[in-house]
Amino acid sequence: MTPLKPRPHYLNQLLTAPDTAPIKLITGMRRCGKSSLLRLLSEHLKAHGIPAAQIVTLDGERSPLSSTALYHHVKTHALPGQRLYLLCDEVQHVPAWAAAVRALQADFD
């Protein structure tokens, strides 16, 4: 995998208040580094003690899912009593993704 270019400004924006807004959306024009920022975030979480089992990454473009399949996929990875970090790339390819994410937020930490 290609080494990632550090993006401290954008990464810090994601991390400044992680518990105030549990759902964060990264938007931007095509090929501006959104996917790389998600990889940087995953690496940062692991480097700061979050076990890989608590980080679920999905790519809606490469592995298209329905909203129900998205919910059940994440549910199978949820660990009781532990926060789960869901990093979805190209989530717009999942029909009704917002409803699935809201349901996940209501049902899991």
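## Two residues with positive phi

Arg31 sits in the loop between α1 and α2. In this predicted model, phi of Arg31 is near 65°, a positive value in a residue other than glycine. For context, most residues other than glycine have a negative phi. Is Arg31 buried or exposed? Arg31 is exposed, because its relative accessible area is 79% and the cut-off for that class is over 50%.

Glu90 is another residue to look at: it is not a glycine, yet its phi is positive, at about 55°. You will find Glu90 in the loop between β2 (85-89) and α4 (97-107).

## The second largest pocket

Let us turn to the second largest pocket, which holds about 270 Å³ of space. Its lining is made up of 13 residues, and those nearest the centre are Tyr10, Ile26, Thr27, Lys34 and Leu37. Sorted by class, the lining has 6 nonpolar, 4 polar and 3 charged residues.

Which helix gives the most to this lining? That is α1, with 3 residues. Both α1 (8-15) and α2 (34-47) supply at least two residues each.

What does Ser42 touch, leaving aside residues up to four places away in sequence? Its contacts are Ile55 and Leu87.

Definitions and conventions: Residues are numbered from 1 along each chain as its sequence is written. This is a predicted model: local features need pLDDT of at least 70, side-chain atom pairs count only at pLDDT 80 or more; totals for chains, interfaces and linings use all residues. Side-chain values use heavy atoms; hydrogens and water are left out. On a 1 Å grid over the protein atoms alone, a cavity is a set of points where a 1.4 Å probe fits but cannot get out, and a pocket is an open set with protein on both sides within 12 Å along at least five of seven lines; lining residues have an atom within 4 Å of a point. Grid points are joined across faces, edges and corners, and a volume is the space filled by probe spheres set on the points. Helices (H or I, at least four residues) and strands (E, at least two) are DSSP runs, numbered from the N terminus. Ala, Val, Leu, Ile, Met, Phe, Trp, Tyr, Cys and Pro count as nonpolar, Asp, Glu, Lys and Arg as charged, and the others, Gly among them, as polar. Contact means heavy atoms within 4.5 Å. Buried means under 20% relative accessible area, exposed over 50%, partly exposed in between (1.4 Å probe, protein chains only).
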